[in-house]
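Here is a short briefing to read alongside the model. Take a look at the fold first, then work through the topics below.

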Amino acid sequence: MTDRRMTAVVLRRHGGPEALEVRTDWPLPEAGPGQVLVRVTAAAVNNTDVWTREGAYGLPGQPEAVAGWRGAVDLPRVQGGDIAGVVAETAADVPDAWLGRRVLVDPAFYEDEREDAPPVGLLGSEADGGFAEYVAVDADRLHDMSASPLSDEELAALPVAYGTAMGMLERAAVTRGETVLVTGASGGVGLALVQLAAARGAHVLALTSGSKAAALREAGALVALPRDLPPEELRRQVRAVAPGGLDAVADVAAGPWLERLLPTLRDGARWVIAGAVAGPVVTFDLRRLYLHNLSLIGSSMHTRAHFAALAGQARTGAVRPHIAARFPLHELRAAQEAFRDSARIGKIAVVP
C-alpha cells in the first residue's frame, strides 16, 4: 500500500459534535507485532461514542467530572468500537492466511489472558477505532466471518451493543423458560437484549414507548409495556404476565426503574445493569434487596468467552441486527445526532 494516508474522523477534544473533525490526510496506522491492518467496510454508533465525546462518564465521587469510561482519554482519538472489515495487511508474526479474510473485531481490552477476564478498555476510547478507512488491531481480536450471511453493516452492529447484551445475559445467568424484563428495549443494547434473550428461550417483557411495541414483539418480546405507565399500573401489568415474579431485569436505563420495578422480582432474582441513560444516581429501599436475596449485578461490556459465543451466532445468522439508518463516514456528526433520536429502533451504521 503506497499511499499511507487515509480518511478518518478525529475527536480533538471533549464537547459537542463540532469536536469531531473529518481528516483526509490522517496517517494510515501501521500493523505492529501481532497485529493486522483492517480495511473498515462498516462501523456503527454507540452510546459510548457520544458519552466519550462529551466526557460524560464522570469519576468516582465526582459524577459530573469530564472523563471517559475508564478516566482520561488520550486525545486526539479516532472513535468507533464497532468494526467489520477485511484484513489488508499482516505483521510478520501473523499468519498470511488472514489476508483478505472478512472479519468481525472484538473491541475490548482485557485485564489478562483469561477467557473470563473483565474488560478494561475499548477500541475508540483507549486506542483508535473504526471511524476511519483503516484500523490496526491485534490479530487475536479477529473473528472469521467468511461464512456469515449477515451484511457488513449487520456485522458492525454487533460488537458493542450485542456484546454488552450478551455479557448482561451471561452474568445474570438468564436461561430458557425464565421471564426477563428489558428496559430501554428499542435502543441498540435494549433491542439486542430482546433478540438474544428470546433466542435462548427466555420470555421477554420489553419496556418502551407505545409506538415501538409492534417492532419489539417482532424482535421476540412476549409483551411490550409502555414506559409511561404510572408505577403501580406498571407493576400490576408485570405481575399479570409474571405472577410468580420476574426472574431477571436487564437494565440499560437506570433512573427510576430500579425503585419502581424491584417489588416485581421473585425471591432470588437478578437485576443486571449496563447503562444509565435515564439517570445515573438512584435511590431504592435496600431492604428489598437483602430481605429477598436479590442480586444487583454491574455489567460492562463482555468477556472473550461472551464475544466468541456472539461471533458464533453471527456466523450462523442466528441473530440479525436491525439497521435503523446509514451514514457515510464524513457525516459522522449527523450520524451521532441521529443516534440520539428517540424515534429510531436499532443501530446507526457508518460506511467509509
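Trp69 sits in the loop that connects H1 and S4. This is a predicted model, and in it the C-alpha atom of Trp69 lies 19 Å from that of Arg340, although the two residues are 271 apart along the chain.

**Around Trp69**
- Once neighbours within four places in sequence are set aside, Trp69 touches Tyr57, Pro119, Val120, Gly121, Leu122, Ser125, Glu126, Ser300 and Met301.
- Two of these contacts, Leu122 and Ser125, return below as residues that line the largest cavity.

**The largest cavity**
- How many cavities of 30 Å³ or more does the structure hold? There is one, and the volume of the largest cavity is about 30 Å³.
- Its lining is made up of Thr48, Asp49, Thr52, Gln79, Gly80, Gly81, Leu122, Leu123, Gly124 and Ser125.
- Helix H1 contributes the most to this lining, with three residues.
- Sorted by class, the lining of the largest cavity comprises seven polar, two nonpolar and one charged residues.

**Helix H1 against helix H10**
- H1 (residues 47–54) packs against H10 (residues 332–339) with the axes 10 Å apart and at an angle of about 110°.
- The two helices, H1 and H10, are therefore roughly perpendicular to each other.
- On the H1 side the contact is made by Asn47, Asp49, Val50 and Arg53, and on the H10 side by Gln336, Glu337 and Phe339.
- These contact residues of H1 and H10 divide into three charged, two polar and two nonpolar.

**The three-stranded sheet**
- This open sheet has antiparallel pairing and runs in the order S2-S1-S4.
- S2 (20–27) and S4 (77–78) are at the edges with a single partner strand each, so one side of each has no neighbour in the sheet.
- S1 (residues 5–11) pairs with S2 in the antiparallel sense over six bridges.
- Within this part of the sheet, Ala8 is placed opposite Arg23 in S2.

**The six-stranded sheet**
- A second open sheet, with parallel pairing, has the strand order S13-S12-S11-S14-S15-S16.
- Which strands form its edges? They are S13 (223–226) and S16 (295–298), each of which pairs on one side only.
- On average, neighbouring strands of this sheet are turned by 20° against each other, with direction ignored.
- S11 (residues 179–182) and S12 (residues 203–208) are joined in the parallel sense over four bridges.
- Leu181 stands opposite Leu205 in S12.
- Helix H6 (residues 231–241) lies across S11, S12, S13 and S14 (246–251), and runs at about 170° to S13.

**The second largest pocket**
- This pocket has a volume of about 220 Å³.
- Its lining counts 13 residues, and Ala108, Tyr110, Asp140, Arg141 and Arg304 are the closest to the centre.
- Strand S7 (108–110) and helix H9 (304–316) each supply at least two lining residues.
- The biggest share of the lining of the second largest pocket comes from S7, with three residues.
- What is the make-up of this lining by class? The lining of the second largest pocket has eight charged, four nonpolar and one polar residues.

Conventions
Residues are numbered from 1 along each chain as its sequence is written. This is a predicted model: local features need pLDDT of at least 70, side-chain atom pairs count only at pLDDT 80 or more; totals for chains, interfaces and linings use all residues. Side-chain values use heavy atoms; hydrogens and water are left out. On a 1 Å grid over the protein atoms alone, a cavity is a set of points where a 1.4 Å probe fits but cannot get out, and a pocket is an open set with protein on both sides within 12 Å along at least five of seven lines; lining residues have an atom within 4 Å of a point. Grid points are joined across faces, edges and corners, and a volume is the space filled by probe spheres set on the points. Ala, Val, Leu, Ile, Met, Phe, Trp, Tyr, Cys and Pro count as nonpolar, Asp, Glu, Lys and Arg as charged, and the others, Gly among them, as polar. Axes are lines fitted to C-alpha atoms, for helices over the stretch in contact, and angles run from 0 to 180 degrees between N-to-C directions. Angles under 35 degrees count as roughly parallel, over 145 as roughly antiparallel, 65 to 115 as roughly perpendicular and the rest as oblique. Contact means heavy atoms within 4.5 Å. Two strands pair if DSSP finds at least two bridges between them.
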